[in-house]
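Good morning. Please have the sequence and the model open.

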There are 2 protein chains.
Amino acid sequence: MSEVGERLGRRIPLYIEVDGGIGRCGRQPGEDTLQFAQQIRNLPGIEITGLLSYAGQIYSEEGREEIRSTARQEAATLKNTADLLRKAGIDVPVVSGGSSLSSKFAQELEGVTEIRAGNYIFHDVGQLSMGMITVDDCALRVITTVVSVPAPGRAIIDAGSKTLTTDTMPFSKGFGYIVEHPDIEIFKLNEEHGFLSYDPASVSLHIGQHLTIIPNHACVLPNLCDEIVGFRGGVPVEKIRIDARGKNS
Amino acid sequence: MSEVGERLGRRIPLYIEVDGGIGRCGRQPGEDTLQFAQQIRNLPGIEITGLLSYAGQIYSEEGREEIRSTARQEAATLKNTADLLRKAGIDVPVVSGGSSLSSKFAQELEGVTEIRAGNYIFHDVGQLSMGMITVDDCALRVITTVVSVPAPGRAIIDAGSKTLTTDTMPFSKGFGYIVEHPDIEIFKLNEEHGFLSYDPASVSLHIGQHLTIIPNHACVLPNLCDEIVGFRGGVPVEKIRIDARGKNS
């Protein structure tokens, strides 16, 4: 990458990724990151602009206090490593951490200068089932139609795994939250269809009926579609084209 | 729909869907389907062209003989219902059933005139793990790159749930089959990354290395991409545009 920078005639700014505890990418916090920074700091085509981490394990925490604690721990790890680099004479202007969950405690994350909260724009069942948000905070919704009612307490909708994805969430059942009937469970998905189960004594569904679903995992839905329809006050106001559609690989 | 046909000035050909045992859509086999056919047969804007079913439960069968038996059962159910309609004077030119699994026994499915075998074009781990095909029969492959080797026996690739989907298969572990190293397990996916685990004594991976993955469920992958690259004899020969991309809803 340094060679690319040299060819371009400018230093390419880069973050060093620090493993935030998820064991995926990046250097280990502390000495390992410092050693790596020292190896690359004098390369002519790059410039270290900061440290970056992602503590994805926060999505396995069970309660608000555990989430807060994990967020603070990620911040402390980042700050300690940044301080180590600074003591060695390496400038670290940006310390980038966080997630949509830790963004709820942004003011407590000492030393962090930037939080990357990707899911924040939509929210989903993941955050809802952890008690961190309300239904009204969930901006992405899938409008589906009941296409079959094969038996009492059983209905089929026209959204399956190709729309809702098969992502599940540790603290909720099924494949999404039905706004009109939170007690209905989407218990199974085929590619084109979702299977609903409910108590026929309290819920009645009919073919053609619309149901609004908050997806389990909002991040993986928009890229499945050409566009999202923007609503304001219950009224569709614009079509938003999805530039990232089909850009997975 | 009959009114639409009348407006168009022609009879719209339609299949009556018969529940193939998956409990999703369609009428029940036998009398229920006959009654429905009798209700609609004289509508002026439609024309019954056949019966159609899908016996998706075949994908839960454990062995070749169980699969064969379920395929034959679906065919018998369809044939009996078609015969019932014919006795009542309703013409049933097309009897459409099947799946990629039952297509393996096509010549045994008496009375069936058409098999819809969607997965047949690609095949995947679903059929591989059931012993119905070989690795060479799997035409859809995802080429990935190792981007991190954080610990011995652990590597990260640049394909996650947005590429491979989180679909799992009842008779295999993990999220795909790695052609070069079938013993490596893709044990976890985040959106952008796959987590591999392997025995470091027998397998060695390095950053930048390519791995070829047969997906668990081929049906849900092509629509995630703009195009597929067609290979012949190991050489890329054409780019195939995916017309269905973004057409989920």
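Let me start with helix α2 of chain B, residues 31–40, where T33(B), L34(B), A37(B) and I40(B) are buried. Why do they sit on the same side of α2(B)? Because the arc they cover around the axis is only 135°. Keep in mind that this is a predicted model.

What do the buried residues of α2(B) pack against? Their partners in chain B are β1 (12–19), β2 (46–54) and α3 (64–87).

Two of those names take us to the sheet. In chain B, 4 strands make an open sheet, in the order β1-β2-β3-β4, with parallel pairing. The edges are held by β1 and β4 (114–115) of chain B. Each of these has a single partner strand, so one side of each has no neighbour in the sheet.

β2(B) pairs with strand β3 of chain B, residues 94–97, in the parallel sense and over 3 bridges. If you want to find the pairing on screen, look for L51(B), whose bridge partner in β3(B) is V95(B).

Last, chain A. On the surface, I143(A), V229(A) and F231(A) form a nonpolar patch, and together they have about 290 Å² of accessible area. F231(A) belongs to strand β11 of chain A, residues 227–232. Is F231(A) exposed or only partly exposed? Its relative accessibility is 47%, so F231(A) counts as partly exposed; the exposed class begins over 50%.

That is my last slide.

Key. Residues numbered from 1 in each chain as written. Chains lettered and ligands numbered in written order. Predicted model: local features only at pLDDT ≥ 70, side-chain atom pairs only at ≥ 80, totals over all residues. Heavy atoms only, no water. Patch = residues over 30% accessible without salt bridge, like charges linked within 9 Å, V, L, I, M, F, W, Y side chains within 5 Å. Areas by Shrake-Rupley, 256 points an atom, 1.4 Å probe, with all protein chains shown as cover. Salt bridge = Lys/Arg side-chain N within 4 Å of Asp/Glu carboxyl O. Helix = DSSP H or I, 4+ residues; strand = E, 2+ residues; numbered from the N terminus. Buried < 20%, exposed > 50% of the residue type's maximum accessible area, 1.4 Å probe, protein only. Arc of directions from axis to C-beta. Contact = heavy atoms within 4.5 Å. Pairing = 2+ DSSP bridges.
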